[in-house]
Amino acid sequence: MPARNADLFAAFLALGVLLVGLMLVDTALSRRLDEAATRQRRAIVTTLTLTDLCLTTETRSTRHPSLADLHTPFQDHPLALDRFPSGSLMVLPPHLRPREEAR
Amino acid sequence: MRRALERQRHILDFTLSSLARRRGRNLALLIVYTLVVFLLASVLFLAAALKREAALVLADTPDLIVQRLTAGRQDLVPIRYVESIARIRGVQAVEPRLWGYYFDSLSGATYTLMVSAALADHPGAILIGGGVSRRSEPGEPARPLGKGDVLPFKDADGGVLPLRVQGVFPAASELVTADLVLVSATDFRRLFAFPDGQATDLVVRVRNARERATVAAKISRLHPDSRPVLRDDILRTYEAVFDWRGGVIVLVLAGALLAFVILAWDKATGLSAEERREIGILKAIGWETSDVLLMKFWEGAAVSLCAFFLGVFLAYLHVFFTSSLLFEPFLKGWSVLYPRFRLTPQVQLGQLAVLFVLTVVPYTVATIVPSWRSATIDPDTVMRR
């Protein structure tokens, strides 16, 4: 007897739920497995007094966003919009926003 | 109970057959819908994993970094500031940091050069990150640098300073060390003709974490040209990363929103003539209004649940198994050195629940509402139209 559509759909949903469950299990396992590597990175940060993650090496403002220069629109010249692609993923750190800077 | 379940199965059977009859249209809908969920889930997963990584790895970053501003730009800090800052109550230690950027014209890469006390007695030696070890010069076969290799640097006078690699940071640390080159203070000052008595910035250790802000305020009063950056500021930097206001994120969210508006609009403006006739026939052969609504509910739920599970699963593979292949060009930008890292998966039920509510619920509701109108009118009228 051929499988009914409803049963196939239920099987697909069960597979979806199973995959979501596996993602959660993978998250928990990976955390445990990556613990040593995370500790190692943390130790390097402490020893070398590092301040930022190396997500990109494109520009100072995205390589070390927490220590970057103050961002002022058009600070270099009129129409000087951010021309670095990495700047389109990372926003201005809260402490470098003009209102915060005035605290 | 068994009877109710059987009724649902029959209606679902019919709904899926009905969807299969309009295969092309529904497949296109499923692909667009899956793409929307995939993009949203990718942003959500990547942002959460990065935030978690930053919170864990940068937990012991310096309590306070003191920079100096001249004419609105970051400038070198006089080392004499160390003494006055060290006298502030609550300050445990103050150390100058020497670091900067070096553009390697041979490979086109930019390194972060930093002085390490461990190399104080080893002038001429360097420790490099994984990204630096992978540098390559045009026309030369790519070969990773290792212990004993020599890397030539051009100093401020135009001379060449050859520095020997003493070690490479482990691959697992690339997220913080990819572009790092540790050098001795002597080599650093020679490379950049760095003036004596100056530092890039100062690291301040504060005894009591609750006093950090007070100490920062005192430093600002003592040296009005200084800018203290607190550890909390550094951590908040990564809390804000991938904020919805980021350029690409706005595009992704706007695209997703637009796609949803189109999908919802398509559904809410009413059913096609074929769909209306189908409802009329079903009612004429004895289906109740509630059966028709149930069928439409299953239709919306089937499409949106398929798109949800497919989108979430593909996003998980994308972010944690391909290192965010789609976002990589943005992070890489014009840079030559690119860190290779695999983020620890960070998926929580709460995230998935938010995504579910934002994507599945609106579409399912948008499918039922117009059906309600058609299902409540006379079947004869519907079929005659």
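Colleague: Where is S324(B) placed in chain B?

Modeller: S324(B) is in the loop between α11 and α12 of chain B. Helices (H or I, at least four residues) and strands (E, at least two) are DSSP runs, numbered from the N terminus. This is a predicted model: local features need pLDDT of at least 70, side-chain atom pairs count only at pLDDT 80 or more, and totals for chains, interfaces and linings use all residues, while side-chain values use heavy atoms, with hydrogens and water left out. Residues are numbered from 1 along each chain as its sequence is written; chains are lettered from A, and ligands numbered from 1, in the order in which they are written.

Colleague: Why is S324(B) called buried?

Modeller: Buried means under 20% relative accessible area, exposed means over 50%, and partly exposed lies in between (1.4 Å probe, protein chains only). S324(B) has 6% relative accessibility, so it counts as buried.

Colleague: Is S323(B) buried, partly exposed or exposed?

Modeller: S323(B) is at 32% relative accessibility, so it counts as partly exposed. S323(B) also lies in the loop between α11 and α12 (328-332) of chain B.

Colleague: What is said about phi in these two serines?

Modeller: Phi of S323(B) is near 50°, a positive value in a residue other than glycine. S324(B) has a positive phi of about 55°, and it is not a glycine either.

Colleague: What makes R236(B) and D233(B) a salt bridge?

Modeller: A salt bridge needs a side-chain nitrogen of Lys or Arg within 4 Å of a carboxyl oxygen of Asp or Glu. In R236(B) and D233(B) the closest N and O atoms are 3.0 Å apart. That is within the limit, so the pair qualifies. Both residues lie in helix α8 (residues 231-240) of chain B, 3 residues apart, about one turn of the helix.

Colleague: What do the buried residues of α8(B) pack against?

Modeller: They pack against α2 (23-57), α7 (212-222) and β13 (226-230) of chain B. Among these buried residues are I234(B), T237(B) and Y238(B).

Colleague: How do you know that K296(B) and E299(B) form a salt bridge?

Modeller: Their side chains meet at 3.0 Å, N to O. Both lie in helix α11 of chain B, 3 residues apart, about one turn of the helix. K296(B) is buried, with a relative accessible area of 1%. E299(B) is buried too, at 4%.

Colleague: Which residues are joined into one network by salt bridges that share partners?

Modeller: R4(A), D7(A), E6(B), R9(B) and D13(B) are.

Colleague: How many salt bridges are there over all chains, and how many between chain B and chain A?

Modeller: The whole structure has 25. D179(B) lies in the loop between α5 (174-177) and β10 (180-183) of chain B and R63(A) in helix α3 (residues 60-63) of chain A, so this pair joins two chains. The closest N and O atoms of that salt bridge are 2.7 Å apart. Both D179(B) and R63(A) are buried. Between chain B and chain A the count is 6.

Colleague: Which element gives the largest share of chain B's side of the contact?

Modeller: Helix α11 (residues 289-321) of chain B does, with 10 residues. The side of chain B that touches chain A divides into 56 nonpolar, 18 polar and 18 charged residues. Ala, Val, Leu, Ile, Met, Phe, Trp, Tyr, Cys and Pro count as nonpolar, Asp, Glu, Lys and Arg as charged, and the others, Gly among them, as polar.

Colleague: How many residues does each chain bring to the contact?

Modeller: Chain B brings 92 residues and chain A 63. Contact means heavy atoms within 4.5 Å. One example is S173(B): leaving aside its neighbours within four places in sequence, S173(B) is in contact with R41(A) and I44(A). S173(B) is buried, with a relative accessible area of 0%.

Colleague: What area is buried between chain B and chain A?

Modeller: About 7,000 Å², with carbon and sulfur atoms giving 63%. Buried area is the accessible area (1.4 Å probe) that two parts lose on being put together, summed over both.

Colleague: What pLDDT does chain B average?

Modeller: Chain B averages 87, and 96% of the residues score at least 70. pLDDT is the predictor's confidence in each residue, from 0 to 100. For the complex, the predictor gives an ipTM of 0.86 and a pTM of 0.86.
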